Amino acid sequence: MLENINLNGAQVSAELHGFMYQGVYGYSGIYNFDNNCEAVIQSNNEIQLKSGLIVNKGRFLRIKGTESVMIQNGSSGVNRTDLIVARFTTDGINENHTLEVIKGTSESVPSYTNGDIYNGATTCELPLYAVHLTGTKVDTVTQVCDTVYSDYQNITYNLSNENQVINGNFAINQRGKTTYNNDTWTNAYTVDRWMSEKSKVDVNSNGTVTITSLSTNGSSVWFKQLLEDTIEGACTLSCEATSVTGDVYLFSQAKGIKVKQGINKITLSDLKQASFELKQGASITLKWVKLEQGSIATPFVAPNLAEELMRCKRYFQTCINEFNFMGSSATFSYATFFSEMRIKPTIKTIENYKNNVNSYQPVVFNIFNRYYIDTSINSVSGAFVLLKLKFELDAEIY
């Protein structure tokens with residue numbers, strides 16, 4: 001059956017308008033407009049949504065001023081997740097669009113109804129926010145729906161600015177550990193370019209990293225990346241956190257924001273580091289971090305792995321050398337060149353295997369503005385010599 005929408009004499013209904021909007025835009029979520037329907041915790045029983053515009057399968061819902069939804073009391077010792085939804089209902093004639101709360105029974109997100117309202121369904125619920133309760137306390141509220149942008153915003157935001165952070169998605173891990181346990185107050189490097197103090201950093205199989213504070217005296221700990229040069233003027237620091245426990249701040253507590261599950265962003269100025277401040281007992285799992293010039297947070301784009309590895313090697317790299325020869329009374333020297341580095345690196349030698357070697361000494365030299373390792377080996381004369389060494393070259397910023 002054909003149905004005319006915008007011809008003379010056609011009867012245009014709300015259903016047809018919604019159907020048309022869904023076909024034209026195809027999005028459901030909160031528009032990046034006005035106050036973005038921002039959720040604010042008023043108490044352990046009230047969440048306030050600021051003004052903004054919601055679209056639910058072509059049906060629009062506007063919040064003028066503010067609108068509050070009520071959260072049922074939590075229970076001591078029980079963690080719970082509730083959902084704030086935009087609920088559209090219809091009986092084919094009468095239609096209604098409201099904000100409702102679906103009470104959960106555990107930490108898992110409760111089920112909701114995602115009906116096809118253009119093919120007979122009477123209810124369609126769009127999840128807007130997840131409300132996380134720890135016992136009786138509303139701990140965090142996280143946006144779970146898409147942010148809908150105008151065509152102009154889509155063009156602007158989808159042009160991703162260069163990430164000033166190296167290894168922003170933690171894919172490069174030349175030191176090779178799956179857990180970095182630093183129980184001191186001295187900064188130590190973990191995955192490439194990221195340092196931590198008094199904390200444990202776990203490299204997860206899904207590509208995320210989890211940072212856990214080991215502080216026991218009430219002091220904050222830090223997970224950060226130091227830059228060579230200051231980013232002058234306005235710059236935006238953003239991240240995606242897949243989980244947060246306790247108090248974690250993006251950049252710092254003094255100048256930043258408290259991190260929530262999901263995407264977080266803040267605009268500051270004249271930055272020379274990307275950092276997270278974790279309070280005692282806190283932990284955070286990060287998917288990516290981005291620092292860019294300007295006041296707009298553009299999408300994170302995973303870097304080319306080969307190119308990012310070369311950027312990381314300016315600060316740290318490893319190489320393994322195996323020496324095989326017939327020993328003599330003379331001392332032999334062997335040169336090993338490696339990738340360009342930021343400054344003359346310090347060298348750490350790890351001995352893998354040694355046979356018929358009296359002594360050896362690796363030293364870093366510079367020739368024609370390129371660094372190399374010269375390894376002097378004193379061996380047993382007339383014997384077959386085997387020496388396998390791993391070199392760690394460190395030109396990091398401390």
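Leaving aside its neighbours within four places in sequence, which residues is Val138 in contact with? The contacts of Val138 are Ile41, Ser43, Asn44, Ile47, Val131, His132 and Leu133. Val138 belongs to strand S8, one of the strands in a predicted model of a chain with three helices and 25 strands. The radius of gyration of this chain is 29 Å, well over the 21 Å that the globule rule gives for 398 residues, so the chain is more spread out than a compact globule.

**Overall form**

- Taken along the principal axes, the C-alpha atoms fill a box of roughly 105 × 55 × 40 Å.
- Buried residues make up 43% of the 398 in the chain.
- Of the contacts between residues at least 6 apart in sequence, 66% join residues at least 24 apart.

**Surface and charge**

- The chain exposes about 20,600 Å², and carbon and sulfur atoms supply 47% of that area.
- There are 33 positive and 38 negative side chains.
- The centres of the positive and negative sets lie 7 Å apart.

- Strand S7 covers residues 123-134 and strand S8 covers residues 137-143.
- S7 and S8 pair in the antiparallel sense over six bridges.
- His132 has Thr140 in S8 as its bridge partner.
- Two residues separate S7 and S8 in this hairpin, and Gly135 in the turn has a positive phi of about 65°.

**Val138 in S8**

- Val138 has a relative accessibility of 3% and counts as buried, because the cut-off for buried is under 20%.
- The contacts of Val138 include His132, the residue whose bridge partner is Thr140.
- Ile41, Ser43, Asn44 and Ile47 are also among the contacts of Val138.
- Val138 and Arg80 are 58 residues apart along the chain, and their C-alpha atoms are separated by 9.3 Å.

- Strand S5 (residues 79-90) pairs with strand S6 (residues 95-102) in the antiparallel sense, over eight bridges.
- Val85 has Glu100 in S6 as its bridge partner.
- Four residues lie between the strands of this hairpin, where Gly92 takes a positive phi near 95°.

- Most residues other than glycine have a negative phi.
- Asn167 has a positive phi of about 60° although it is not a glycine.
- Asn167 is in the loop between H2 and strand S10 (179-182).
- The relative accessibility of Asn167 is 0%, so this residue counts as buried.
- Asn356 likewise is not a glycine, and its phi is positive, near 60°.
- The loop that holds Asn356 runs between strand S22 (346-355) and strand S23 (357-367).
- Asn356 counts as partly exposed, with a relative accessibility of 28%.

**Tyr149**

- Tyr149 sits in the loop between strand S9 (146-148) and helix H2 (151-157).
- With a relative accessible area of 26%, Tyr149 is partly exposed, because that class lies between the cut-offs of 20% and 50%.
- Tyr149 and Tyr27 are 122 residues apart in sequence, and 9.4 Å apart in space from C-alpha to C-alpha.

Terms used. Residues numbered from 1 in each chain as written. Predicted model: local features only at pLDDT ≥ 70, side-chain atom pairs only at ≥ 80, totals over all residues. Heavy atoms only, no water. Rg over C-alpha atoms; globule rule 2.2 N^0.38 Å. Buried < 20%, exposed > 50% of the residue type's maximum accessible area, 1.4 Å probe, protein only. Contact = heavy atoms within 4.5 Å. Areas by Shrake-Rupley, 256 points an atom, 1.4 Å probe, with all protein chains shown as cover. Lys, Arg positive; Asp, Glu negative; His and termini not counted. Charge placed at Lys NZ, Arg CZ, Asp CG, Glu CD. Pairing = 2+ DSSP bridges.
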